[in-house]
Amino acid sequence: MNNARVVPLAEALSAPVVALPLTVDEEGARLEASLAQRVGDVDIPRTLDAEWCRRRGLSSVAGSSVVLSTVSGALVVLVSLGSAESVASPEAWRQVGAQLAPRARAVGSDVAILVPTEYSVDLELTGEALVTGALLAAYDYKTPDASGELLVAPVGSPLPSVADHDAVSRGLQRAVVVADATNWAKRLIDTPAGHATPKELAKKFAHRLGSDPDTGVEIWTESTIREEGLGGLLAVGAGSAEPTRLVYARYRPSDARAHVVLVGKGVTFDSGGLSLKPAESMMAMKTDMSGAAIVMAALSMVARLRVPLRVTAIAALTENLTGDRATKPGDVVTARNGTTIEILNTDAEGRVILADALSLAVEANPDVIIDVATLTGAQRVALGDEVGGLFSSSDEVARQLEEAGRDAGESLWRLPLVESYARLLESDVADLRNIAKGGGAGSITAALFLQRFVGTRPWAHLDIAGPGRSDQTRGYVTKGATAFGARTLARYLESLARQSVS
Ligand code: BES
Ligand code: MN
Ligand code: ZN
């Protein structure tokens, strides 16, 4: 399933799989009157008693479902939105959507869903959430070319108006753009490091973003990176035979209001360098370029949605290996902005490449800088794999990101930039050391390190080491790469564009 379309009821009812959302509580399940249709030879009832639901596993957990078959072989899927209050919750609709993807895969064709207009005050958000959940859940690294479409039929009494259709259609179009870019990022992140090298990734970024409206992409090769003084990025890439790259992508519509620079960590494989990781810790380190793929996906979303905002995305792409030119613990390197860094642990490499990328971001003189990085194992320890760590020097930016994350179903938790911990980053031989003394507060000290490169400019940092990957498929979050944060960034940028006066 890779697309969605609004269809009339009759067309939906003739699809090989027809899904109906309903609400469930202790008394059983309830369907809207408009859903009491005849599908094939099955009459859909208005209510289902509690015992019937319980035996079939249909519960108040959003996304729980039961399948009924018709004589003709078509399937009717009853999917729970949860309790009655959930009908207005985008998250519930995303969970309903997530249940449709495996059905589409199983039948290899279209799946239809009826959406009661009585349920929702905001059909655009509902349609968007439903389609987002379905398309994100349809992602499968091994079988990329999923066929079939999601057919969405608004139903209701009185009959849905043209405005209802248009609202669902707008939500659906947004969802297709957002899910397509998110799944594109997930695929790049899941690609083995042997294939997704800095050079290949840079090409993939340029290929997608170069063709979006009002965009331009520049790829910096090693000679440019050297000339431009990106000493941190070069130092991290020094131990690898794969050449380092920096991608500078721009979206600049003529009606741009504010300017935001996004910065992504793009370590295509993190072995730890000479401060080598143990085997177990290295197994998922092809995903250490998540931040880079995520910021490029967000840029692609806002370009395709034509958000009236200038957005620049910078990805620092390199491999952290142990070759004979590798940076050694104790080496001192100079970042783009002149700050010297004592590299005491080559496994704390993300902050070293971000030092350069953030310096470049500042030079672009934007209104806000946001970086995304799988930066610290400590983030995962603190918040697990469902919540991202948010740091910001601006209460306003932090609040807006938290809100965007809530809307997108990607929850962020703000952690403090504890000023006095800056002392833990003092070096005897350079301006900064790349690992904090003492070892506590690993995510905070990493964020404080980054803050040294953005100065006083409004800035936020998303540490997604935990939620960047999922060990299992849970609803619309598929196993492996999640591209966590991409959808939040797009939402944040859209709301910033709405607020900013031209
Ligand atoms: N890429 C890792 C962080 C990471 C860990 C991401 C687990 C996803 C899952 C990062 O480069 C790293 O190695 N950080 C070190 C920093 C330490 C040496 C100060 C860490 O967290 O152990
Ligand atoms: Mn590392
Ligand atoms: Zn790393």
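Visitor: How many residues of domain 1 are in contact with residues of domain 2?

Guide: Keep in mind that this is a predicted model. In it, 17 residues of domain 1 are in contact with 19 residues of domain 2. Contact here means heavy atoms within 4.5 Å.

Visitor: Where do the bounds of the two domains fall?

Guide: Domain 1 covers 4–182 and domain 2 covers 201–501. Their C-alpha centres are 37 Å apart.

Visitor: Which residues around ligand 1 come nearest?

Guide: Start with the shell, then look at its closest members. There are 15 residues around ligand 1, and the nearest are Lys 277, Asp 288, Asp 347, Glu 349 and Gly 377.

Visitor: How does the shell around ligand 1 divide by class?

Guide: Seven of its residues are charged, four are polar and four are nonpolar.

Visitor: Which polar backbone atom lies 2.7 Å from an oxygen atom of ligand 1?

Guide: That atom belongs to Gly 377. Side chains take part too: an N or O atom in the side chain of Lys 277 is 2.8 Å from an oxygen atom of ligand 1. For the side chain of Asp 347, the distance from an N or O atom to a ligand 1 oxygen is likewise 2.8 Å.

Visitor: How much of ligand 1 does the protein bury?

Guide: The general idea is that interface size is often given as the accessible area lost when the parts come together. Ligand 1 taken alone exposes 510 Å², and the protein buries 75% of that.

Technical notes. Residues numbered from 1 in each chain as written. Chains lettered and ligands numbered in written order. Predicted model: local features only at pLDDT ≥ 70, side-chain atom pairs only at ≥ 80, totals over all residues. Heavy atoms only, no water. Near = heavy atom within 4 Å. Polar contact = N/O pair within 3.5 Å; in protein donor to acceptor, adjacent residues only side chain to side chain. Areas by Shrake-Rupley, 256 points an atom, 1.4 Å probe, with all protein chains shown as cover. Nonpolar A, V, L, I, M, F, W, Y, C, P; charged D, E, K, R; others polar. Domains from an automatic or database assignment.
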